[in-house]
Amino acid sequence: MRDCDEAVKRGRELSTDNKLIAKALTRKAAALLELADCARDYAPAIRALRQSLDEHHSEETLEKLNKAESARNDLEAQERLHQAADHHRERSLRVARF
């Protein structure tokens, strides 16, 4: 990821073609997506994909962004269900004690 950040920085310094900067950002996002599956945090990957699309529009990058946002939404929905289940479980335990 640091190499991608360095490539973006150098590319901007040298006024490189936006396609190359976008490619470096997409590679960074790919690495962040692999980490996101373990860390359950898709925000950095989504941010990198959006930056890539700001530099140069690519259907492939847009598809990756849509998949990452979908995965993040699924994860958030799953977390809401777990919280609701925990709340219900605690509530039923309180009622059972009386």
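A: Lys-28 is a buried residue, with a relative accessible area of 17%; buried stands for under 20% relative accessible area, exposed for over 50%, and partly exposed for what lies in between, using a 1.4 Å probe and protein chains only. The model is a predicted one, in which local features need pLDDT of at least 70 and side-chain atom pairs count only at pLDDT 80 or more, while totals for chains, interfaces and linings use all residues. Residues are numbered from 1 along each chain as its sequence is written, and side-chain values use heavy atoms, with hydrogens and water left out.

Lys-28 belongs to helix H2, and H2 is the part examined here. Helices are DSSP runs of H or I with at least four residues, strands are runs of E with at least two, and both are numbered from the N terminus. H2 covers residues 18-39. The 22 residues of H2 reach 30 Å from the first C-alpha to the last, close to the 32 Å expected at 1.5 Å a residue; the expected span is 1.5 Å times one less than the number of residues. Besides Lys-28, the buried residues of H2 include Ile-21, Ala-22, Ala-24, Leu-25 and Thr-26. Ala-29, Leu-32, Leu-33 and Ala-36 are also buried in H2.

Consider next the side of H2 that meets helix H1. H1 spans residues 2-13. The axes of H1 and H2 lie 9 Å apart, and the two helices pack at an angle of about 165°; axes are lines fitted to C-alpha atoms, for helices over the stretch in contact, and angles run from 0 to 180 degrees between N-to-C directions. H1 is therefore roughly antiparallel to H2, a term for angles over 145 degrees, where under 35 counts as roughly parallel, 65 to 115 as roughly perpendicular and the rest as oblique. H1 passes H2 in a left-handed crossing, that is, one in which the near helix is turned anticlockwise from the far one by less than a right angle, whereas clockwise makes a crossing right-handed.

The residues that meet can be listed from either helix. From H1 come Cys-4, Asp-5, Ala-7, Val-8, Gly-11 and Arg-12, and from H2 come Ile-21, Ala-24, Leu-25, Arg-27 and Lys-28. This contact of H1 with H2 divides into 6 nonpolar, 1 polar and 4 charged residues. Here Ala, Val, Leu, Ile, Met, Phe, Trp, Tyr, Cys and Pro count as nonpolar, Asp, Glu, Lys and Arg as charged, and the others, Gly among them, as polar. Not counting residues up to four places away in sequence, Lys-28 touches Met-1, Cys-4 and Asp-5, where contact means heavy atoms within 4.5 Å. Met-1 lies in the segment before H1 and is partly exposed, at 40% relative accessibility.

H2 passes H3 in a left-handed crossing. On the H2 side, Asn-18, Ile-21, Ala-22, Leu-25, Thr-26, Ala-29, Leu-32 and Leu-33 take part, and they meet Pro-44, Ala-45, Ala-48, Leu-49, Gln-51, Ser-52 and Glu-55 in H3. The residues of this contact of H2 with H3 divide into 10 nonpolar, 4 polar and 1 charged. H3 itself has 13 residues and spans 19 Å between its first and last C-alpha, close to the expected 18 Å. Buried in H3 are Ala-45, Ile-46, Ala-48, Leu-49, Ser-52, Leu-53 and Glu-55. Arg-50, also in H3, is partly exposed, with a relative accessible area of 40%.

Ser-15 is in the loop between H1 and H2; Ser-15 has a positive phi of about 55° although it is not a glycine, and Ser-15 is exposed at 65% relative accessible area. Arg-40 follows H2 and is placed in the loop between H2 and H3. Its phi is positive too, about 60°, although Arg-40 is not a glycine. With 46% relative accessibility, Arg-40 counts as partly exposed.
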